[in-house]
Amino acid sequence: MNIAVVGTGYVGLVNGTCLAETGHQVTCVDIDIEKVEKLRKGIVPIYEPHLDVLFQRNIKQKRLIFTTNLEEAIENAKIIFLALPTPPGEDGSADLSYVIGVADQLGKIIKDYKVIVDKSTVPVGTAEKVSATILKNATVDFDVVSNPEFLREGFAVDDFMKPDRVVIGTSSSRAKEIMEQVFKPFVRQGNPIIFMDEKSAELTKYAANAFLATKITFMNEVANYCELIGADIDMVRKGIGTDSRIGKRFLFPGIGFGGSCFPKDVLALFNSGKEVNYDFKIINSVLKVNHAQKLKLVEKVKNYFGEDLSGHKIALWGLAFKPDTDDIREAASIYIIKELLAAGAEVNVFDPEAIDNVRNILGDKIEYASNQYEVLNGVDALLIATEWSVFRNPDFDKMKTLLKNNVVFDGRNLYDLDLMRANQFYYESIGREIVLE
Ligand SMILES: NC(=O)c1ccc[n+]([C@@H]2O[C@H](COP(=O)([O-])OP(=O)(O)OC[C@H]3O[C@@H](n4cnc5c(N)ncnc54)[C@H](O)[C@@H]3O)[C@@H](O)[C@H]2O)c1
């Protein structure tokens with residue numbers, strides 16, 4: 001089948017590549033000329049494990065091609081996937097201008113029946129809006145389908161190739177049949193394709209993200225309480241996670257959720273509620289608690305060194321919003337760095353993949369190291385913001401020779417307390433006792 005993917009960011013590129021991998025002829029289109037040039041040269045512009053191999057195979061076999069020309073991309077396509085940004089607008093609700101802008105263009109250029117699939121995370125009612133926008137100019141039949149994307153950055157290829165479920169919102173039997181054909185190869189192990197109406201599909205994505213964000217935030221609040229009463233959040237996590245009604249996942253305490261999805265989607269759902277006079281009280285609290293949690297390490301640093309951090313040099317391990325990605329959108333690290341700088345500290349950072357992205361935002365306001373030890377040279381404290389595997393078993397003796405003070409503030413609870421005690425570190429983590437207080 002000929003397929004077009006509009007927008008080749010994290011979602012579009014993974015979708016396009018994985019669809020080509022199942023034998024489809026895929027044309028990806030993006031307005032970013034530089035990105036398209038890189039893709040044409042065989043360069044993957046994002047860091048996403050396992051994507052490269054599939055990408056190279058499919059461009060070599062010419063099943064995956066790239067263009068900046070929308071008309072050319074959709075000409076022969078039966079399905080057009082929209083994987084466009086939906087960033088928060090000024091009031092926090094999802095900015096639909098990218099999606100509606102492309103829909104407007106599509107109405108003018110489609111020449112035969114197309115299934116137009118919304119992959120972007122969008123508020124309830126967007127399929128209707130997209131449909132109405134296309135209809136203004138269209139002279140042929142088309143269907144607009146909601147097919148929210150559940151992939152996780154860092155596991156995107158696996159998530160796409162073997163999804164827990166595929167959600168497809170459509171009231172058209174013609175579109176349903178085509179979508180089923182496309183997604184069948186990905187659910188051969190028996191995971192379901194769940195068909196529903198467009199609005200329920202759109203809400204499913206927001207509800208899933210808001211639920212997971214709430215689970216994380218709930219644990220962060222319990223962790224904060226543990227610190228005050230002397231309980232250990234790791235024990236509490238194990239204690240409740242073994243209850244099958246609760247489950248083990250998304251219970252790790254830390255310095256809040258970030259990334260390109262949870263923060264904006266939770267905010268967008270809250271704002272969608274307001275539009276119909278519904279006050280989502282839980283998710284409003286989630287947003288507030290999460291914001292404070294991002295600065296938890298700075299609070300701990302200030303309690304230790306004092307409010308004024310001038311003359312102090314602080315190192316940061318981890319910049320990406322989570323491991324195995326170079327994505328820094330809404331990452332706790334950025335909030336932390338800005339607070340530390342505002343308090344007068346000098347900041348040195350290291351991340352295995354995300355340094356270039358941070359350099360684009362913060363330039364020479366901070367220093368960038370080329371490895372996890374270099375960044376520690378002469379610093380007063382180490383802060384850990386992302387749980388990259390490479391930080392899990394560091395050479396503690398080497399760390400001690402480099403750090404000015406053996407002080408670690410760990411936002412991801414990477415180390416056993418006894419290990420840090422044995423290694424003579426002052427060690428603060430989240431929801432656990434302070435070592436060598
Ligand atoms: N990143 C994730 O993990 C993830 C997961 C699930 C859902 N989503 C959702 O999917 C959507 C896309 O997310 P993303 O992370 O891939 O975004 P992204 O910002 O990485 O990529 C979007 C791409 O669209 C391109 N673009 C913008 N306007 C265009 C136009 N008119 N024509 C063609 N291309 C255009 C941009 O240049 C960019 O390359 C969002 O709604 C997001 O919430 C993202």
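**Notes on the ligand site and salt bridges**

1. Helices α1 (10-21) and α5 (97-109) each give at least two residues to the shell around the ligand; helices here are DSSP runs of H or I with at least four residues, numbered from the N terminus. Bear in mind that this is a predicted model, where local features need pLDDT of at least 70, side-chain atom pairs count only at pLDDT 80 or more, and totals for chains, interfaces and linings use all residues. Residues are numbered from 1 along each chain as its sequence is written, and side-chain values use heavy atoms, with hydrogens and water left out.

2. The ligand has 27 residues around it, with D30, K35, T86, E153 and K264 the closest (a residue is near if one of its heavy atoms lies within 4 Å).

3. Now the polar contacts (pairs of N or O atoms within 3.5 Å). A polar side-chain atom of T86 sits 2.6 Å from a ligand oxygen atom, and one of E153 is 2.7 Å from a ligand nitrogen atom. The protein covers 89% of the 830 Å² of accessible area that the ligand has on its own (Shrake-Rupley, 1.4 Å probe).

4. On to salt bridges (a Lys or Arg side-chain nitrogen within 4 Å of an Asp or Glu carboxyl oxygen): the whole structure has 23. K264 pairs with D265, closest N and O atoms 2.8 Å apart. D265 is buried at 1% relative accessible area, and K264 is also buried, at 16% (buried is under 20%, exposed over 50%, partly exposed in between; 1.4 Å probe, protein chains only).

5. K300 and E227 also meet in a salt bridge, 3.0 Å from N to O. K300 is in α13 (residues 296-305) and E227 in α9 (residues 198-229), so the pair ties together parts 73 residues apart in sequence.

Key. Polar contact = N/O pair within 3.5 Å; in protein donor to acceptor, adjacent residues only side chain to side chain.
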